[in-house]
Amino acid sequence: MTKIPEELRYLKTHEWFRTDGDIVTVGISDFAQSQLTDVVFIDFPQTGAKKKAGEPLLSIESVKSAEDIFSPVDGDVVEVNKELSDSPEKVNKDPYGSWLVKLKKTGKTADSMSAEEYRKFIGE
Amino acid sequence: MIKETALYDRHVKLGAKMVDFHGWNMPLYYTSIIEEHMAVRKAVGLFDVSHMGDIVVEGSDASSLLEHVLPSAVSRLDSGEAMYSAFLDANGNIIDDTIVYKINNKKYFFVPNASMIAIIFNWVKDNSSGYNVKLNDLSDSISCLAIQGPRSKDVLDELRLEFSEQFKFRYHEAPEYGLNSITGKSEIIISGTGYTGEKGVELLVNAERSPELWDSVLEKVRKYGGLPCGLGARDTLRTEKGMLLSGTDFNRDRNPYECAISFIMTNDHDFIGKENLIKDTKEIFRGFKLNEKIIPRHGNQIFNGNENIGTITSGTISPILGKAIALGFIDRKFSKSGTAVKINIRDKTEEAIVSKPKIVP
């Protein structure tokens with residue numbers, strides 16, 4: 001069964017996020033990584049880039065497809081997980097340990113789901 | 001309704017990610033496409049390719065019918081030999097590619113792609129009037145297990161199965177695995193074929209008994225550092241080697257010259273498509289190497305400056321090169337290996353170098 005940690009929030013587009021003060025950490029769910037197949041390249045945004053809730057934050061290239069990853073909040077990119085540039089497969093092996101981007105929240109948050117709601121949403 | 005192979009339960013038990021592949025519920029990967037790919041290149045991999053078809057052509061006109069529907073000199077095969085070929089339509093375009101096996105002068109069988117079994121069966125049947133042959137679609141009663149990679153012979157040795165060299169096949173008597181509907185005897189066909197570009201064999205066996213064979217083979221595959229492999233790795237492996245994928249690289253729109261498989265054109269007789277076959281096609285099938293991991297996908301366009309000079313039909317990451325690679329059709333003027341071209345990939349334009357279809361030697 002797909003791993004869905006209780007303490008995180010989820011978007012319908014299969015991102016997870018965690019809010020610590022005004023810092024929002026974003027990654028992709030276990031379900032998302034299993035659908036994508038092996039992640040081979042992450043096209044990170046520049047730090048400082050301004051992103052809007054529900055709009056593309058970055059794109060992920062996998063063996064099977066290239067997909068946009070959406071931002072859960074309005075905010076500025078403060079950090080990207082550079083470690084993943086050399087080992088993008090970590091997103092497959094540990095999707096919740098492998099955060100992609102940290103944003104500083106400046107505005108609204110997109111509609112999101114609890115772990116329980118997300119499990120229902122993906123039909124498990 | 002989605003179809004399952006006789007090995008479906010094995011895949012689920014191994015934790016495979018299952019996907020709908022042309023109406024078949026098949027393993028895409030077990031752990032990782034790239035790890036499975038490397039297992040085949042460095043050691044050995046085991047694939048379930050039972051979704052592929054098995055059609056027997058039997059009768060005194062078997063070889064003349066096959067030389068009517070294929071552009072290849074099927075009659076030059078010896079018993080126990082196989083060859084790669086393709087069914088052409090009246091325009092000379094490829095409907096499906098296939099491997100044809102000669103059992104004896106009056107009995108052959110061929111393996112169409114999974115999505116093409118009914119279409120090809122009907123195509124051959126509709127073109128068989130006046131030929132003394134019987135056609136039998138045995139696809140549902142046969143499983144095919146592909147054992148591919150440099151250690152594949154070691155796996156066979158352990159199982160006391162004799163290895164078959166490329167495009168040869170043999171029979172291994174095995175009462176415990178039940179009746180093989182292709183031969184009508186209790187035996188496994190061991191065929192020196194595959195779709196990975198590695199040394200290897202494919203075992204054709206009674207479907208019902210095939211889970212036990214899968215278990216025995218997998219145990220030995222793991223002993224030699226190998227893995228069970230899904231269709232994801234099968235696709236990255238064939239793409240590195242420039243092997244065509246039916247329905248993706250061609251779809252009744254390309255002929256064998258265009259697909260760079262003119263070596264199959266060995267048939268001197270009249271065959272379907274011969275009259276309209278154009279040799280000097282505008283485009284030809286080629287490989288493309290990128291220096292990035294941004295992957296061209298089916299339908300992406302190839303450019304020289306502003307001039308559109310071709311179309312990508314397959315793209316993936318090459319686990320061996322660590323870079324993106326692609327296959328596609330390009331104007332012959334730009335088809336020389338080493339030519340620099342540009343490929344439009346979503347909102348980007350990436351540079352690529354033309355290569356022979358076999359991108360990874």
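Tutor: A salt bridge is a side-chain nitrogen of Lys or Arg within 4 Å of a carboxyl oxygen of Asp or Glu. Please keep in mind that this is a predicted model.

Student: How many salt bridges are found across the interface of chain A and chain B?

Tutor: The rule finds 4 salt bridges across that interface. One of the pairs that meet in a salt bridge is B:Arg297 with A:Glu61, at 2.6 Å from N to O.

Student: How many residues of each chain are in contact?

Tutor: Chain A contributes 15 residues and chain B contributes 16.

Student: What area is buried between chain A and chain B?

Tutor: The buried area is about 1,300 Å², and carbon and sulfur atoms give 49% of that area. Three residues, A:Asp38, A:Glu61 and A:Val63, supply 39% of the area that chain A buries against chain B, which is more than any other three residues. In general, the size of an interface is often given as the accessible area lost when the parts come together.

Student: Let us look at chain A by itself. What is the order of the strands in its open sheet of 3 strands?

Tutor: The order is β4-β6-β7 of chain A, and the pairing is antiparallel. The edge strands β4 and β7 (66-70) of chain A each pair on one side only. From one strand to the next, the twist averages 25 degrees.

Student: How many bridges are there between β4(A) and β6(A)?

Tutor: These two strands pair over 4 bridges. As an example, A:Ile42 has A:Ile60 in β6(A) as its bridge partner.

Student: Now chain B. Which domains is it divided into?

Tutor: Chain B has domain 1 (8-53 + 139-240), domain 2 (55-137) and domain 3 (282-355). The C-alpha centres of domain 2 of chain B and domain 3 of chain B are 34 Å apart.

Student: What is the strand order in the open sheet of 6 strands in chain B?

Tutor: The strands follow the order β10-β11-β12-β9-β3-β13 of chain B, and their pairing is mixed. At the edges are β10 (169-173) and β13 (227-229) of chain B, each of which pairs on one side only. Neighbouring strands of this sheet are turned by 25 degrees against each other on average, ignoring direction.

Student: Do β3 and β13 of chain B run parallel or antiparallel?

Tutor: They run parallel, and 3 bridges join β3 (residues 45-48) of chain B to β13(B). B:Leu46 has B:Pro228 in β13(B) as its bridge partner.

Student: Which strands does helix α6 of chain B touch?

Tutor: Helix α6 (residues 210-223) of chain B packs on the sheet and touches β3, β9 (142-148), β11 (187-191), β12 (200-206) and β13 of chain B. The direction of this helix makes about 160 degrees with that of β3(B).

Student: One last topic: where is B:Met18 found?

Tutor: B:Met18 is in strand β1 (residues 17-21) of chain B. B:Met18 is 10 residues from B:Leu28 in sequence, and their C-alpha atoms are 5.7 Å apart in space. Leaving out residues up to four places away in sequence, B:Met18 touches B:Tyr8, B:His11, B:Asn25, B:Met26 and B:Pro27.

Definitions and conventions: Residues numbered from 1 in each chain as written. Chains lettered and ligands numbered in written order. Predicted model: local features only at pLDDT ≥ 70, side-chain atom pairs only at ≥ 80, totals over all residues. Heavy atoms only, no water. Domains from an automatic or database assignment. Pairing = 2+ DSSP bridges. Axes fitted to C-alpha atoms, helices over the stretch in contact; angles between N-to-C directions. Contact = heavy atoms within 4.5 Å. Buried area = accessible area lost by both parts, 1.4 Å probe.
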